[in-house]
Number of protein chains: 2
Amino acid sequence: MAVRPELLMRLRLEQPIIQAGMAGGVTTPELVAEVTRAGGLGTIGAGYMTAENLRSAIQLVKKQTSGPFAVNVFVPETPEVVAEDVQSANEKLSLIHKELKLAAQPMPEKLPFFFEEQLEVIIEEKISVCSFTFGIPSASQVERLKAHGVFLIGTATTVEEAVQNEQAGMDAVVAQGSEAGGHRGTFAESFGKAMIGTMALVPQVVDEVDIPVIAAGGIMDGRGILAAHALGAGAVQMGTAFLTSRESGAPQAHQEAVLMSKETDTAVTSIFSGKPARGIANKMMIWMEALEHNWPPYPIQNMLTQPIRKEAARQNEPAFMSLWSGQGTRLSVQEPAGVMIKRLMEEAEETWESL
Amino acid sequence: MAVRPELLMRLRLEQPIIQAGMAGGVTTPELVAEVTRAGGLGTIGAGYMTAENLRSAIQLVKKQTSGPFAVNVFVPETPEVVAEDVQSANEKLSLIHKELKLAAQPMPEKLPFFFEEQLEVIIEEKISVCSFTFGIPSASQVERLKAHGVFLIGTATTVEEAVQNEQAGMDAVVAQGSEAGGHRGTFAESFGKAMIGTMALVPQVVDEVDIPVIAAGGIMDGRGILAAHALGAGAVQMGTAFLTSRESGAPQAHQEAVLMSKETDTAVTSIFSGKPARGIANKMMIWMEALEHNWPPYPIQNMLTQPIRKEAARQNEPAFMSLWSGQGTRLSVQEPAGVMIKRLMEEAEETWESL
């Protein structure tokens with residue numbers, strides 16, 4: 001199997017594997033560095049990081065590798081904080097506060113806003129690749145990053161979103177199929193309509209854009225990598241596979257839930273963050289969905305549930321974590337990330353030879 | 001690309017392409033025969049056919065080809081017909097009767113039940129392949145068909161359903177991903193949980209069963225065929241692609257809707273038949289979904305909406321048809337089925353050479 005060279009040469013990669021920028025502590029500097037050392041593209045999931053934390057994470061990765069790695073950031077949204085809605089949501093969540101013996105949580109007064117500062121850190125630290133979730137940065141932000149030689153990767157869940165990414169100057173685009181774990185990257189379509197399976201999404205995106213397409217969603221092994229290439233993708237982005245790697249920062253209970261679960265165990269929910277994301281159904285998801293409450297939008301809901309998820313992680317209690325996972329859970333393996341990448345590419349090669 | 005031989009040899013096929021058994025008149029004898037003549041496996045969609053109609057369709061196919069072809073049947077369900085529920089559903093549907101200038105429809109007194117007779121026709125006509133949707137036939141039915149040398153193909157939307165098919169003696173199983181058009185084949189899981197994308201479903205099924213796996217859902221061209229093989233499938237089943245073939249019996253308005261639509265235009269609905277199925281959203285789907293009515297179960301609802309769909313087809317009015325379609329609509333092409341199969345395999349070969 002001869003990997004298509006364009007994208008890999010631009011990114012200085014040996015293997016067509018991008019480790020997804022999972023936010024919330026999964027992408028430890030060790031994971032990012034190990035993926036990059038193994039020839040893939042490690043990614044710091046900086047979505048919820050302050051500029052200071054991002055800089056510190058970048059410097060820790062740099063101590064372990066001189067190779068290229070990426071930073072993933074969330075294009076911000078700034079909905080109005082309505083005090084009554086926050087209070088009402090917090091009242092509903094108090095059911096879980098009690099279960100975890102967590103004190104009632106104060107209301108956030110303003111939304112965190114790291115995005116501009118994150119981009120400055122990326123430029124100052126001479127990061128070679130920046131990927132975006134939840135939308136497209138402004139024209140001036142794109143221009144400034146490109147002037148500093150940063151390779152830009154957008155995220156699309158529909159053909160139209162991929163076209164918008166290309167038109168905005170992105171250098172490549174992730175086509176995120178409905179199988180994918182974690183947040184849906186949807187930004188220009190209703191979430192329900194943008195649940196397109198990877199098998200259908202990737203070739204339709206490839207036909208409509210000229211930039212390289214990175215396939216994501218349900219890709220867990222060498223068979224999936226080869227299949228993504230057959231569909232026209234220049235590389236794959238894998239999240240769930242790396243979530244159970246030795247270097248992953250996901251809580252042990254989260255990793256065990258992924259390793260033990262079946263393909264039918266995940267669901268898409270907005271209750272953790274205010275935005276739809278795929279994870280293994282647990283008590284928190286089932287309880288809160290049953291309330292049919294009108295939760296505050298992202299990122300307000302995310303801030304409200306954050307203390308719960310933090311405390312659940314401390315107690316290693318999966319019932320109240322966000323157990324992000326894609327639909328390929330039966331294929332998850334616990335092994336070092338470097339070993340995983342070697343195995344994945346051997347599997348892809350063997351599969352190719354068997355065709 | 002060397003196609004895996006086991007399944008193809010058993011089925012006497014030259015090409016690893018099965019034309020899906022779309023019910024409701026799509027699979028004309030011309031389509032079935034042309035697919036078989038081109039080296040694929042044509043399938044009569046006999047789901048709603050009487051034994052008499054099935055026999056006549058089989059004989060028309062036999063006049064055009066001596067090659068192998070399949071018959072797809074629906075494993076029956078026999079819910080109780082509750083007169084008040086039927087009346088209430090018919091009242092809601094009268095909105096559409098008026099639009100189509102269709103007389104009010106009488107209540108069905110009993111459910112059609114063709115299954116046993118269909119199986120007898122399949123045996124008498126020495127059909128070589130029989131595929132099942134909506135479940136698994138009884139042990140004695142399986143035994144009888146196998147005693148007559150019929151190759152049996154089940155349908156699964158989860159790993160567990162595939163395992164049940166294997167245990168029941170099916171010779172192969174279709175893994176139907178969430179991208180697929182038409183009815184969900186789900187029978188042992190809730191429909192919502194069984195929406196697994198093809199990229200995630202196929203390899204997980206392949207790992208858990210020993211019988212050959214046929215990939216379905218979002219496969220529309222040679223790239224998809226190669227990808228399905230990379231995932232471990234022995235063949236693909238394609239419905240939407242053949243729906244717009246020259247030999248298709250789908251109403252012209254249905255074919256045009258598929259050819260003109262985007263990947264985001266389909267949705268899964270139960271309003272046409274009482275069972276979830278994927279089709280292009282139209283007026284009937286949107287109106288009836290908005291009513292949030294508790295419709296009768298399959299196949300009662302299917303009988304109630306049948307006169308509407310028939311009249312809509314006669315008027316070539318897509319607003320009130322069931323416009324079944326998978327998510328790969330942008331890849332649909334209008335061409336003769338034999339030309340299509342040749343093109344698909346050339347594309348698969350070219351894609352394989354490019355990897």
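Predicted model: local features only at pLDDT ≥ 70, side-chain atom pairs only at ≥ 80, totals over all residues.

Student: Okay, and which residues line the largest cavity?

Tutor: On the list are Ile18(A), Gln19(A), Ala20(A) and Gly21(A), then Leu41(A), Thr43(A), Ala70(A) and Asn72(A), and finally Ser131(A), Ile153(A) and Gln237(A). Two elements of chain A give two or more residues each to that lining: strand E1 (17-19) and strand E3 (69-74).

Student: How much space lies in the largest cavity?

Tutor: About 30 Å³. The structure holds one cavity of 30 Å³ or more.

Student: Switching to helices. At what angle do H4 and H12 of chain B pack?

Tutor: Helix H4 (residues 83-99) and helix H12 (residues 283-291) of chain B pack at about 155°, and their axes are 10 Å apart. Angles over 145 degrees count as roughly antiparallel, so H4(B) is roughly antiparallel to H12(B).

Student: Is the crossing of H4(B) and H12(B) left-handed or right-handed?

Tutor: H4(B) passes H12(B) in a right-handed crossing. From H4(B), the contact is made by Lys92(B), Leu93(B), Leu95(B), Ile96(B) and Glu99(B), and from H12(B) by Met284(B), Trp287(B), Met288(B) and Leu291(B). By class, the residues of this contact divide into seven nonpolar, no polar and two charged.

Student: Now chain A. How are H4(A) and H12(A) arranged?

Tutor: Their axes come within 10 Å and cross at roughly 155°. H4(A) and H12(A) are therefore roughly antiparallel to each other. This crossing is right-handed.

Student: Which residues make the contact there?

Tutor: H4(A) brings Lys92(A), Leu93(A), Leu95(A), Ile96(A) and Glu99(A), while H12(A) brings Met284(A), Trp287(A), Met288(A) and Leu291(A). The contact of H4(A) with H12(A) has seven nonpolar residues, no polar ones and two charged ones.

Student: Nice. On to the backbone: where is there a cis peptide bond in chain A?

Tutor: The bond from Tyr298(A) to Pro299(A) is cis, with omega near 0°. Pro299(A) sits in the loop between helix H12 (283-291) and helix H13 (300-314) of chain A. As background, most peptide bonds are trans.

Student: And which residues does a cis peptide bond join in chain B?

Tutor: Tyr298(B) and Pro299(B), with omega at about 0°. You'll find Pro299(B) in the loop between H12 and helix H13 (300-314) of chain B.

Student: Last one. Which residue has a positive phi although it is not a glycine?

Tutor: Asn316(A) does, with phi at about 50°. Look for Asn316(A) in the loop between H13 and helix H14 (337-354) of chain A. In general, most residues other than glycine have a negative phi.

Definitions and conventions. Residues numbered from 1 in each chain as written. Chains lettered and ligands numbered in written order. Heavy atoms only, no water. 1 Å grid on protein atoms, 1.4 Å probe; cavity = no way out; pocket = protein on both sides within 12 Å on 5 of 7 lines; lining within 4 Å. Points joined across faces, edges and corners; volume = space filled by probe spheres on them. Helix = DSSP H or I, 4+ residues; strand = E, 2+ residues; numbered from the N terminus. Axes fitted to C-alpha atoms, helices over the stretch in contact; angles between N-to-C directions. Parallel < 35°, antiparallel > 145°, perpendicular 65-115°, else oblique. Left-handed = near helix turned anticlockwise from the far one by under 90°. Contact = heavy atoms within 4.5 Å. Nonpolar A, V, L, I, M, F, W, Y, C, P; charged D, E, K, R; others polar.
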